Amino acid sequence: MVIPLSTPATEGALLVPYPSTLDVPHEHVAWLLYEHRRARNTRWRKLRCLDQALLTLVNLRKNETFAQLGAGFAISQATAWRYVDEALEVLASWAPGLHEALTGLGEGDHVIVDGTLIPTDRVRADQPYYSQKHKKHGMNVQVIARPDDTPLWFSRATPGRTHDLTSARAHGIVQACLTRQILVLADRAYQGPGATFRTPYYHHSEQPEHYQQFNRDHARLRAPGERAFAQLKSWRLLRRARCPTRRIGTIVQAIHTLMTCDYSA
């Protein structure tokens, strides 16, 4: 079956559907959308809750354009954008807040804090979104992860040039961990926030052996934070975001919900 794809940018092009699979059960997302529609007393939609859930997950996993998504689901490009945006807001509302994520943690526990850049090609002005560290435009996102690489919390996105420690302070991570006396393992970008933060030594190769051993142990214990970001970047939309920068935080929160929800419940 071949479906005409009639958009100004792809006039005369043809869309060829192909079978695909998703590793996230869309029934769970559909149930959240059903509850959302019932709360709003929505009587009729072009797509069922199951189809809207599938539309959203395809967008996150595949990073297809809305013209392609709309043609595949037999809806307009604007409707596809609106349905995905609505589903992302619903999912993001289920993501835990910072204090909720740290509930149950206290003195004697430790977490990994790290930051990453979500590349984007949609910027209002070059300078605020350009990261000198990564040499590209994007948005800075902070993560708090368990030692077993389970992400506890993802922050809202800030402009890419924001320093990791500045971002961590702005989101309240530093104060929350200091208040609870949670040991934090972080990289050199987080030096100086307080007594519970542990960062590697500079120029460790020139230091005594026990300094070098500390850095090796620190890197080994901090590795799960990198794996948490690897899980986040497995959603193709975040490898090169084409959306407005203000939506990236919502997308990250929505993906966090998908990463941590219990599908067996």
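Colleague: Where is Asn63 placed in this model?

Modeller: In this predicted model, Asn63 has its place in the loop between α2 (49-62) and α3 (66-72).

Colleague: What makes the phi of Asn63 worth a remark?

Modeller: The phi of Asn63 is near 60 degrees, which is a positive value in a residue other than glycine. Most residues other than glycine have a negative phi.

Colleague: Why is Asp149 called partly exposed?

Modeller: The class lies between the buried limit of 20% and the exposed limit of 50%; Asp149 stands at 21% relative accessibility and therefore counts as partly exposed.

Colleague: How do you know that strands β5 and β6 pair?

Modeller: Pairing requires at least two bridges between two strands, and three bridges join β5 (residues 136-145) to β6 (residues 151-154), so the strands pair, and they run antiparallel. As an example of a bridge, Ile144 has Trp153 in β6 as its partner. The hairpin of these strands has five residues between them.

Colleague: Why is helix α9 called roughly perpendicular to helix α10?

Modeller: The axes of α9 (residues 209-233) and α10 (residues 248-260) come within 10 Å and cross at roughly 105 degrees. Because angles of 65 to 115 degrees count as roughly perpendicular, α9 is roughly perpendicular to α10.

Colleague: Which residues meet where α9 and α10 are in contact, and how do they divide by kind?

Modeller: Ala228, Gln231 and Leu232 in α9 meet Val252, Ile255 and Met259 in α10, and the residues of this contact divide into five nonpolar, one polar and no charged.

Colleague: Which residues of helix α8 are buried, and what follows the helix?

Modeller: In α8 (residues 173-180), Ile173, Val174, Ala176 and Cys177 are buried, and the helix is followed by Gln181, whose phi is positive, near 55 degrees.

Notes. Residues numbered from 1 in each chain as written. Predicted model: local features only at pLDDT ≥ 70, side-chain atom pairs only at ≥ 80, totals over all residues. Heavy atoms only, no water. Helix = DSSP H or I, 4+ residues; strand = E, 2+ residues; numbered from the N terminus. Buried < 20%, exposed > 50% of the residue type's maximum accessible area, 1.4 Å probe, protein only. Axes fitted to C-alpha atoms, helices over the stretch in contact; angles between N-to-C directions. Parallel < 35°, antiparallel > 145°, perpendicular 65-115°, else oblique. Contact = heavy atoms within 4.5 Å. Nonpolar A, V, L, I, M, F, W, Y, C, P; charged D, E, K, R; others polar.
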